[in-house]
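Here's a quick briefing to read alongside the model. Have a look at it first, and then we'll go through it topic by topic.

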Amino acid sequence: MLVNPNTIIIEAVTFKSVRDYRPKWFRGTPIALLGQHRPWHDKRDAPCFSMVTYREGARRGNEGVESLTALVLDFDHLTAEQAGMVLERAAGSWAFIAYSSFSHDPHPDPNQDPDKEADWRFRLVLFLDRPLAKSEFLPMWHAVNNRLGGLADTNARDVARLWCAPSCRYN
């Protein structure tokens with residue numbers, strides 16, 4: 001579904017960096033939340049967000065989550081064909097934004113075969129019709145991942161996952 005990401009209003013929380021444990025409430029467009037793709041020297045200092053709402057006074061972590069406001073899936077080490085299939089399936093079902101971040105930059109391997117298939121890494125932020133209760137997160141994550149081909153990173157499936165804003169290494 002084609003949707004203008006400047007017309008959707010979402011709630012989320014932001015953090016100054018991965019070292020920050022105090023969520024700051026955010027309400028606005030996905031573009032305002034994600035911002036511009038920008039370079040950073042160190043991932044630990046990059047701004048982050050989580051697509052959840054927290055109980056008043058709660059610190060970062062799964063325990064204080066009230067609801068999930070968008071579903072984020074992380075994809076690493078896909079072939080171009082797999083990445084195309086994921087994006088095509090997502091476009092047929094959901095409004096979303098795809099982006100890359102600091103951790104998605106390719107790490108050049110001097111021993112790698114130059115003819116080897118490209119290493120596609122990205123995130124999908126899928127917009128929901130309604131906020132999900134914390135208990136609905138894992139069943140929804142599995143259902144969506146299965147519909148997208150089962151290729152999302154299973155290590156990145158906790159409800160309060162902290163996501164780095166769109167970024168890249170300075171070099």
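Where does Arg60 lie? Arg60 sits in the loop between β5 (52–54) and β6 (65–78). Keep in mind that this is a predicted model. We'll begin with that arginine, then move on to the strands, the salt bridges and one of the helices.

- Arg60 is buried, yet it has no salt bridge.
- How far away is the nearest side chain of opposite charge? That side chain belongs to Asp20, and it is 6.7 Å away. For a salt bridge, the nitrogen and the carboxyl oxygen would have to be within 4 Å.
- What the side chain of Arg60 does reach is the backbone oxygen of Val18, at 2.8 Å.

**How the strands pair up**

- Strand β1 (residues 10–15) runs antiparallel to strand β2 (residues 24–28), and five bridges join the two. Here you can find Ile10 standing opposite Gly28 in β2.
- β1 is also joined to strand β4 (residues 48–50), by three bridges, and this pair runs antiparallel. In this pairing Val13 stands opposite Ser50 of β4.
- How many bridges join β6 to β8? There are nine, and these strands run antiparallel. To spot the pairing, look for Val72, whose bridge partner in β8 is Val125.
- β8 pairs with strand β7 (residues 96–99) as well, through four bridges, with the strands antiparallel. Phe96 has Leu126 as its bridge partner in β8.

**Salt bridges**

- The structure holds six salt bridges, and three of them are worth a look here.
- Arg123 and Asp74 meet through their side chains, with N to O at 3.2 Å. Arg123 belongs to strand β8 and Asp74 to strand β6, so this pair ties together parts that are 49 residues apart in sequence. Are these two buried or exposed? Both Arg123 and Asp74 are buried.
- Arg121 and Asp119 make another salt bridge, at 2.6 Å from N to O. Arg121 is buried, with a relative accessible area of 15%, while Asp119 comes out as partly exposed at 34% relative accessibility.
- Arg130 forms a salt bridge with Glu136, and their closest N and O atoms are 2.6 Å apart. Arg130 is partly exposed, its relative accessible area being 45%. Glu136 also counts as partly exposed, at 27% relative accessibility.

- Which residues of helix α3 (residues 137–147) are buried? They are Phe137, Trp141, Val144 and Asn145. If you look down the axis of α3, these buried residues fall within an arc of 100°, so they line one face of the helix.
- The buried residues of α3 pack against β6 and β8 (120–133).
- Over on the other side of α3, you'll find Pro139, Asn146 and Arg147 exposed.
- After α3 comes Gly149, which has a positive phi, near 105°.

Terms used: Residues are numbered from 1 along each chain as its sequence is written. This is a predicted model: local features need pLDDT of at least 70, side-chain atom pairs count only at pLDDT 80 or more; totals for chains, interfaces and linings use all residues. Side-chain values use heavy atoms; hydrogens and water are left out. Buried means under 20% relative accessible area, exposed over 50%, partly exposed in between (1.4 Å probe, protein chains only). Lys and Arg count as positive and Asp and Glu as negative; His and the chain ends are not counted. A polar contact is a pair of N or O atoms within 3.5 Å; within protein, one must be able to donate a hydrogen and the other to accept it, and residues adjacent in sequence count only if both atoms are side-chain atoms. The arc is that of the directions from the helix axis to the C-beta atoms. Contact means heavy atoms within 4.5 Å. Two strands pair if DSSP finds at least two bridges between them.
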